[in-house]
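I opened my notebook to log what I looked up in this one, item by item. Here is the structure I had on screen.

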Amino acid sequence: MLDSPALLRARALTKKFGDTDALRGVDLVVAKGELLAIMGPSGSGKSTLLHCLAGILTPDSGEVWLEDIKLNDLTENERTKLRRSHYGFVFQFGQLVPELTAIENVALSLLLEGMKRDAAFAAAEPWFAKLGIPGLEKRRAGELSGGQGQRVALARALVMQPKVLFADEPTGALDTLAGEKVMELLTQAAKEQGTTVALVTHDARIAAYADREVIVRDGVIANVARQSHVAA
Amino acid sequence: MTATFAFMGLLHAGPSYGYDLKKDYDELFGREKPLAFGQVYATLARMLRDGQVVTGEAEQQGGPERKRYALTPRGRSELVEWLGQPEATQAGSQAGLFVKVATAILVDESPNDFLDLQRAAHLQKMRELTKLRREGDLAQTLRADYALFHLEADLRWIDVTAARIQELTKEIRSC
């Protein structure tokens, strides 16, 4: 997969929260179309890395690039626009608007981008069959099960045809079977659309859906290349 | 031993030829590790000797001679007994990993390097199994799930060990 051109690049990223070093010089390249799992123990910096890659957090030093766009050079407004037009997000809890119906949640991003209501709903509707939840379009988001809600959240992210989907523990609140179903759908839909995925998970079974994983430990990416000092 | 009871299970539905038993076994249990014909007939010979199966008359229908194998009441009873026993648990299967971690500490190698390598190898295997389970039928999915859950348990051990490696290093070096 790394033979594909780079889509996302991070160089020498650092980030502190108070006195705590969350990132201590992270270099990372994510190839176009790749599904990358970012793993690591709690507090290792994996979510901070994801948020820096996504332009949600600004690193203290280092650079983040999306193709030829350097995120560090963008204003907050420009970064927000870039996130809305190029990125999709799925979090542990779907963060749907509970008062809206499922299809309104999916269409919402399109409406915010200025798409007409009929066109936005027409674009949102096929995702319900694609993600195995036909018939739930008019159900209020607050009435959906965890697995159904995550599929709606996935539809909301993918309907924008993002270049990159950022997923932070997207199955963390689901049981094994519901989580695996969400991952199967996420993987399939992302591959079909050519969407690159950066996925944070502590769950090895979920990471196993990825093309590759990196392990973040103490704010750096663990290097698995073994360097022995014992003479052979 | 597993092949013996798997054959008994397959014969439970009715008599079958050795060739068909192998085909059915490979389909259901052994896609990743099919039985060799030699093993099939050696297993059936043992089952005949032990009275778990009987054979009918040799049949020849335009090809080589074939015999049908049928489960005996004794075979059926042993099958039921086997189904009523739990499988031996694999306590101690981490021994190999632990020996490597402890030895790395003893020779001043980095145990974390080994744990990272092992984690990467486990995750690679889990990726292969996940691909298999996504492409297969339910039987294949459940076989892959069994292996995946065991690998996941190993990974949890690897993570816990990595988190406690400094303590372990102190303990081993103070011995």
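This is a predicted model: local features need pLDDT of at least 70, side-chain atom pairs count only at pLDDT 80 or more; totals for chains, interfaces and linings use all residues.

Entry: I went for the strand order and found an open sheet of six strands in chain A, running β6-β7-β8-β3-β9-β10 with mixed pairing. I then looked at how β6(A) meets β7 (164–168) of chain A: the two run parallel and four bridges join them. In that pairing A:Tyr87 stands opposite A:Val164 of β7(A).

Next I asked which strands helix α1 (46–53) of chain A touches. The helix packs on the sheet and touches β3 (35–39), β7, β8 (196–200) and β9 of chain A. I noted its direction too, at about 150° to that of β8(A).

**Entry: α7 of chain B.** I checked the length of helix α7 (138–163) of chain B. At 1.5 Å a residue its 26 residues should span 38 Å, and the end C-alpha atoms are 36 Å apart, so the two agree. The buried residues of α7(B) are B:Ala144, B:Leu148, B:Leu155, B:Ile158 and B:Ala162. What do the buried residues of α7(B) pack against? I found α6 (111–135) and α8 (165–173) of chain B, together with α8 of chain A.

**Entry: B:Thr161.** This residue lies in α7 of chain B. Why is B:Thr161 called partly exposed? B:Thr161 has 19 other C-beta atoms within 10 Å, and buried would take 20 or more. Leaving out residues up to four places away in sequence, B:Thr161 touches B:Val101 and B:Leu115. I also took its distance to B:Gly136: they are 25 residues apart in sequence and 34 Å apart in space, C-alpha to C-alpha.

**Entry: where A meets B.** I counted the contact from both sides: 14 residues of chain A are in contact with 17 residues of chain B. On the chain A side, α8 (204–207) and β9 (212–217) each supply at least two residues. The largest share, three residues, comes from α8(A). By residue type, the chain A side divides into nine nonpolar, one polar and four charged.

Technical notes:
Residues are numbered from 1 along each chain as its sequence is written. Chains are lettered from A and ligands numbered from 1 in the order in which they are written. Two residues are in contact if their C-beta atoms, placed from the backbone, lie within 7 Å. Ala, Val, Leu, Ile, Met, Phe, Trp, Tyr, Cys and Pro count as nonpolar, Asp, Glu, Lys and Arg as charged, and the others, Gly among them, as polar. Two strands pair if DSSP finds at least two bridges between them. Axes are lines fitted to C-alpha atoms, for helices over the stretch in contact, and angles run from 0 to 180 degrees between N-to-C directions. The expected span of a helix is 1.5 Å times one less than its number of residues. A residue is buried if 20 or more other C-beta atoms lie within 10 Å of its own, exposed if 12 or fewer, and partly exposed in between; C-beta atoms are placed from the backbone.
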